[in-house]
Amino acid sequence: MKFTKNWQKNLNRTLRVAYHEKEKVEVGGQWQAKVMHSVRDIHRLLAKKSFFEQIGDALWRFAPVACALILILGICILKFHMIPDYEMAKIMANDPVEYGLLQSLLM
Amino acid sequence: MMHNDSGNSGDAQIVGLVLGGNVNAFETLMLRYTDHVLRIVKRHVNYEVVEETAHEVFVRAFQSLSNFKNSGNFRQWLSSIAVRTCYDYWRKVYRSREIPMSQISDTHREWLEEILSDRSGQSFDEKGAQEEAREVLDWALERLPAGDRMVLELVHLEGLSSKEAADLLGWSVANVKVRSFRARKKLQKLLCGLINDRGGRL
């Protein structure tokens, strides 16, 4: 059987009415008291968190900032060739022991 | 889904009180929006689980209250939580298949054929109000995946725009459009098969 446009339109209209009919079902009111009970339980559990758990939660908030800082520092080090061992070796090579302070400054 | 500014600021104040530690203030919000949440939940889930789902909606709302932006519309924010809770319910059901699927009888097929031929003389409103209409609708929706079901209900049965449905579900508009088109095709196929299959099985 072909699903004609007209039938499709009629069916959609009818199903839409059926769908909205579902709203008319009555529901009791007891569940609201249970919701407040659950909410108070959750609140109590959250309030009971230990000092270290609270510190831990607070520290996690800084994780994105820490990651961003690590990334920025990494890029800076790579870009400006800031390798500490290499820099130290360079200073030592240019500053032999026999040079005095004045000579080093004059170079 | 409109709500006035005084209502918004009132809601924001209550949210502030709850976040400040006054848990009992949440009851005011719950009572204010019970009807609204129930209306959404009743449309999307079966009668037996309406209370349980509404309960879950308010608990989730309480847990994510700190994410509510005071400038936003609380009603809209809560609607989104309600729709997503219903969606999660159906996803869980489809994954576990814990609810037996309803069966269709010849009475339902006759009801569909009456619409096809439009020979009963009843208006569409009368036909839609019949128990058969709801049962055929439930039968077809049960056979669709959770996402298809939700999008079909929101866009085709409630008449929301793709943008509104996307906001409620937290999807992109393009995704809603694609899912909605596919879901409608699947529903047509199911109902067409129901009429063609006089033997009673799809």
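Lys22(A) and Asp138(B) form a salt bridge in this predicted model, with their closest N and O atoms 3.4 Å apart, where a salt bridge is taken as a side-chain nitrogen of Lys or Arg within 4 Å of a carboxyl oxygen of Asp or Glu. This pair crosses between chains, running from Lys22(A) in the loop between H1 and H2 of chain A to Asp138(B) in helix H7 (residues 131-142) of chain B; helices (H or I, at least four residues) and strands (E, at least two) are DSSP runs, numbered from the N terminus. Both Lys22(A) and Asp138(B) are buried, the term buried standing for under 20% relative accessible area, exposed for over 50% and partly exposed for values in between (1.4 Å probe, protein chains only). The model is a predicted one, in which local features need pLDDT of at least 70 and side-chain atom pairs count only at pLDDT 80 or more, whereas totals for chains, interfaces and linings use all residues. Residues are numbered from 1 along each chain as its sequence is written, chains are lettered from A and ligands numbered from 1 in the order in which they are written, and side-chain values use heavy atoms, with hydrogens and water left out.

Across the interface of chain A and chain B, three salt bridges are found by the rule. Glu23(A) also takes part in a salt bridge, its partner being Arg43(B), and the closest N and O atoms of this pair are 2.6 Å apart. On the side of chain A that touches chain B, helix H1 (5-21) and helix H2 (30-47) of chain A each supply at least two residues, and the largest share, 13 residues, comes from H1(A). The residues of this side divide into 15 nonpolar, eight polar and eight charged, with Ala, Val, Leu, Ile, Met, Phe, Trp, Tyr, Cys and Pro counted as nonpolar, Asp, Glu, Lys and Arg as charged, and the others, Gly among them, as polar.

The contact, meaning heavy atoms within 4.5 Å, takes 31 residues from chain A and 46 residues from chain B. Together the two chains bury about 4000 Å², 70% of it on carbon and sulfur atoms, buried area being the accessible area (1.4 Å probe) that two parts lose on being put together, summed over both. Of the area that chain A buries against chain B, 19% is supplied by Tyr19(A), Lys22(A) and Trp31(A), more than by any other three residues.

Over all chains, the structure holds 16 salt bridges. Within chain A, Lys24(A) is joined by a salt bridge to Glu21(A), the closest N and O atoms being 2.8 Å apart; Lys24(A) is exposed at 58% relative accessibility, whereas Glu21(A) is partly exposed at 24%. In chain B, the side chains of Arg91(B) and Asp88(B) meet in a salt bridge (3.2 Å, N to O), and both residues lie in helix H4 (residues 74-96), three residues apart, about one turn of the helix. Glu56(B), Arg60(B), Asp88(B) and Arg91(B) are linked in a network of salt bridges.
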